[in-house]
Amino acid sequence: MASLELCQITKSYGAQQVIKPLDLKIEDGQFTVLVGPSGCGKSTLLRLIAGLEAVSDGDILIGSQVVNHTAPGKRDVAMVFQSYALYPHLNVAENMAFHMKSQRVEPVVQTQKVAEVASILGITPLLKRLPKDLSGGQRQRVAMGRAMVRNPQVFLFDEPLSNLDAQLRMELRAEIKSLHQQLKTTTVYVTHDQIEAMTLADKIVVMKDGYIIQQGSPLSIYDKPQTTFVAQFIGSPPMNLFPGNLTRQGQRWIANCGMIQVEILPSRIDHELAEQPIQLGIRPDQLQMNPTSPFPRAEVRVVEMMGDITLLHLSWQDQPIYVQHYGRLNIQSGEKIALTIPAEAIHLFTADGQRL
């Protein structure tokens, strides 16, 4: 195991810079998830770490060693791909042992390691099968096993669950989490699925347009997003945002968002923000239904019943918003409901999306 550090890393293809200068420190044994929309640079960053792409500038350190010019096979990292990347003519045991065989590891050691890892992953009955005879979930377990037998310093996962159905994703997500708790290997995991990011990570790194926008523990990012982009990307459904401005009434500060007015705690306000445009954010599960609310009523557009959760798609002051209710509601499309916004649950952002 080892720490991983990226120092002012950049990557360009011709005139296009896809990774802007960035720094990232991943501690020994930490599970770090790179998350962001398609094209943000997260998979490119993973390939730079693996050595499958060369950095344009900056340094990559595994442990204390700069590996910029170290061949991929000698970086002591193991990568699990979205497409499994199994050899179709080799059975499961042969796929898992392939790297050890190429390194001339003793056959008895190969057999022992394959058996140990297969037992951990629950794929011992599959060792003689070819990849074509396996399900998607079984193939991904084999791909994980092939990485695990190498006992690398760093595991790299490139969207490994995106080809699987929802039930399998949930099962393998739990397996990956459990394996990390057992092995304690430094792990970098790429996904565009924020649920995977929240449930797997010790640290989340949110990327956009080749930059790191925010990094921290899952709950710190969820509770205190530094930008409206992060606020809406982390969280499902996304945070509701209302444009408005701040006014001061004596010792009180009021956020005015059309006909919605909410008092803000004075400790959160910079006096220079008076009368300046802002954005008020509120998570869908923090909006409360209250028949005595002084706010204008919201019209129900769509009702999604998900068993123990009801998700309402509403129109409020001609703006689409979400309300997430824990429980079942007897509400129909077209009805109007009254909502309140708890002051303590409000997030404030500048007009250009920076947290106040």
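# Chat about a helix, some rings and some charges

Me: Which residues of α3 are buried?
Reply: The buried residues of α3 are Gln110, Val114, Val117, Ala118 and Leu121. Buried means under 20% relative accessible area, exposed means over 50%, and partly exposed lies in between (1.4 Å probe, protein chains only).

Me: Where do those buried residues fall, seen down the axis of α3?
Reply: They fall within an arc of 105 degrees, so they line one face of the helix. The arc is that of the directions from the helix axis to the C-beta atoms.

Me: Before we go on, what kind of model is this?
Reply: This is a predicted model, where local features need pLDDT of at least 70, side-chain atom pairs count only at pLDDT 80 or more, and totals for chains, interfaces and linings use all residues. Residues are numbered from 1 along each chain as its sequence is written, and side-chain values use heavy atoms, with hydrogens and water left out.

Me: OK, back to α3. How many residues does it have?
Reply: α3 has 15 residues, 107-121. From its first C-alpha to its last it reaches 21 Å, close to the 21 Å expected at 1.5 Å a residue. The expected span is 1.5 Å times one less than the number of residues.

Me: What do the buried residues of α3 pack against?
Reply: They pack against α2 (92-102), α4 (136-148) and α5 (166-183). Contact here means heavy atoms within 4.5 Å.

Me: And which exposed residues sit on the face turned away?
Reply: Val108 and Ser119. That face of α3 is turned away from its buried side.

Me: What follows α3?
Reply: Gly122 follows α3. Its phi is positive, near 70 degrees.

Me: Zoom out. How many helices and strands are there in the protein chain?
Reply: Eight helices and 21 strands. Both are DSSP runs, numbered from the N terminus: helices are H or I with at least four residues, strands are E with at least two.

Me: What share of the residues counts as buried?
Reply: 49% of the 356 residues in the protein chain. The C-alpha trace spans about 80 × 50 × 35 Å along its principal axes. Take contacts between residues at least 6 apart in sequence: 65% of them join residues at least 24 apart.

Me: New topic, rings. How many aromatic pairs are there?
Reply: Seven, from a search of the whole structure. Rings of Phe, Tyr and Trp (its six-membered ring) pair if their centres lie within 6.5 Å; planes under 30 degrees apart count as stacked, over 60 as edge-to-face and the rest as tilted.

Me: Why does the pair of Phe31 and Tyr189 count as tilted?
Reply: Their planes are at 40 degrees, so the pair is tilted. The ring centres are 5.8 Å apart. Phe31 is in strand β3 (residues 31-35) and Tyr189 is in strand β8 (residues 186-191), 158 residues apart.

Me: Are those two buried or exposed?
Reply: Phe31 and Tyr189 are both buried. They also form one aromatic cluster with Phe155 and Phe157.

Me: What about Phe242 and Trp316?
Reply: Their planes are at 85 degrees, so that pair is edge-to-face. The centres are 5.7 Å apart. The pair links distant parts of the chain, with Phe242 in strand β11 (residues 240-249) and Trp316 in strand β17 (residues 309-316), 74 residues apart. Phe242 counts as buried at 2% relative accessibility, and Trp316 does at 0%.

Me: Which residue lies over the face of Tyr222?
Reply: Arg283, at 4.0 Å from the ring centre. The rule: NZ of Lys or CZ of Arg is within 6 Å of the ring centre and within 35 degrees of the ring normal.

Me: Now charges. How many salt bridges are there?
Reply: Five. Each one is a side-chain nitrogen of Lys or Arg within 4 Å of a carboxyl oxygen of Asp or Glu. Glu53 meets Lys11 in one of them, at 4.0 Å, N to O. Glu53 is in the loop between α1 (42-50) and β4 (57-62), and Lys11 is in strand β1, 42 residues apart.

Me: Where does Arg47 come in?
Reply: Arg47 meets Glu53 too, at 3.6 Å, N to O. Arg47 is partly exposed at 30%, Glu53 is partly exposed at 21%, and Lys11 is buried at 9%.

Me: What is the Lys132 partner?
Reply: Asp133, with the closest N and O atoms 3.4 Å apart. Lys132 is exposed at 61%; Asp133 is partly exposed at 39%.

Me: Which residues do shared partners join into one network?
Reply: Lys11, Arg47 and Glu53.
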